[in-house]
Every structure is written in C-alpha cells, then in structure tokens.
Amino acid sequence: MSSPNVFSSKGDVAYAQLRGLILTGALEPGSRLDQNNLAETMAMSLTPLREAIRRLSSEGLIDLDAHRNARVASMSATEARQLFEVRLSLDPSAARLAAERRTEADIAAMRAAAARLLPVTRAWGEEALTAHRAFHRALYLASHNDVLIRLLDDLWDKSDRYRRVGLELPPGDEPRMRDHREHHELFDLIVVGDVVGAETLMREHIERSLTASAIAALEQRERTGRSSSSATTAAQFQS
C-alpha cells in the first residue's frame, strides 16, 4: 500500500485532486473547466482551485486563455512524439552524467527508490507510476546538472497523460517485466561508473517507454477520427 499523501496547503490538495482528474481522464482532453462547479465538487473555495489551475497550466496540463478561461489541454500524437524525441536526447545524457558524478548519497537515494519499484502495469496502477517517477528523479538528481533536472522534470509532467495511454495498451507481461529489470540494471551501471553502458541502456529504455507505446495508438486514433470525419462529410454531400 502507498503512504497517505501529506499536503502543506489547500492549494496542494486542489492541485493533487485536479491533476488526478486530468490524468485519469475523468476530465477529458479539451474540455472546459467550470471552476465554480469544480470548487463545489471538490469542497473548497475558488482560491486554492485557481492556484492549482495555474500550476497545472505551467505543467502543460491546462490551457488558459487571455480571459482566464481554462480547458484541459488536448492530447496529440504530434506532442507525444515531440516529448519522446526530447526525452530520447536528454535521459541518456542524465544517465551518463549520473555514472560520472554520483555520490554515496546519490547511490543511497537511488537504491531506496529502486527498492520501491513495481512493474508498471494496470494491476499496480498509480503506485507503480509513482515509484517509477521517484527512481528516474533520483537518477536525474545524481547528474548534478540543475538545468537538465528542471528540463526532465518538466518533460515528465507533460508526458504523464501519454504514459497512461501506453499503460492501457496490452503489450503482455514480458515488456513490463523487462522495463522493471532495466531500472535495476541502470542502477548497477551507475554505481560502478559505467558511463557508456548507462547511457546506452537508458536510450534503449526510453525507446521502449510507455510514451513511445502511446504514439502509435494515438496516431491510429487520429487516423480513425479523420476517416470517420471524411466519411461523414461525404455522406452529407451525397444526401
């Protein structure tokens, strides 16, 4: 079981609840946020809700217009691919730097994060995704490059919904267990300072990631949607 969340403010509570509604799809991509109804449903005032909306806007999960109207950010195969391409560039660099620069404290933090890892499957759900993120962030911190860490944190936030699309796909048990093993292998390579090995394995790890799995699924959805739209338009002209 995961530990209960501890929040420092009402804004943190609103942020966690609203983020969860977006990531799980309870609030659909592109849908308008009725802030009054949301505040009533979440049993809180508008002030912490608006704070949460601003935070989620900075993560790319909510779009705010000039009139402060809010919508859940849309999802697209194009954005998923762009996020994947940038992570494919930055994550291997973080692994290489971590193998070069890790301290004993970094190793202890990564070891603790690795001990909490679970296979990222629908059965384990949010608990596995939370542990997955904690491990990657411990690795990022071991790079001791603050700019790189901030960029990767931002990429992780923006990739979360696409990661969940990938989680819903049925790849079978083996890819998920391979992904689980790779985290431990990455840890071992970083501990012994194998720069090339850590960088290479991280690249392969990202290539097989949940975001990568989501791209093809989203592209297929978009093709299906365009085909349906074209068929409807053609039928209207013929009627």
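Select Ala 43, found in the loop between helix 2 (35–41) and helix 3 (46–58). Helices here are DSSP runs of H or I with at least four residues, numbered from the N terminus. The model is predicted: local features need pLDDT of at least 70, side-chain atom pairs count only at pLDDT 80 or more, and totals for chains, interfaces and linings use all residues. Residues are numbered from 1 along each chain as its sequence is written, and side-chain values use heavy atoms, without hydrogens and water.

Stay on Ala 43. Its phi is near 55°, positive in a residue other than glycine. Most residues other than glycine have a negative phi. Ala 43 is exposed, at 70% relative accessible area (buried is under 20%, exposed over 50%, partly exposed in between; 1.4 Å probe, protein chains only).

Next, select His 144, in the loop between helix 6 and helix 7. Phi of His 144 is also positive, near 55°. His 144 is partly exposed, with a relative accessible area of 42%.

Now show the second largest pocket, with about 240 Å³ of space. A pocket is an open set of 1 Å grid points over the protein atoms alone, where a 1.4 Å probe fits, with protein on both sides within 12 Å along at least five of seven lines; lining residues have an atom within 4 Å of a point. The volume is the space filled by probe spheres set on the points, which are joined across faces, edges and corners.

Select Leu 23, Thr 24, Gly 25, Arg 164 and Val 165: of the 15 lining residues, these are the closest to the pocket's centre. Finally, colour helix 7 (146–167). Helix 7 gives the largest share of this lining, four residues.

Technical notes: Helix = DSSP H or I, 4+ residues; strand = E, 2+ residues; numbered from the N terminus.
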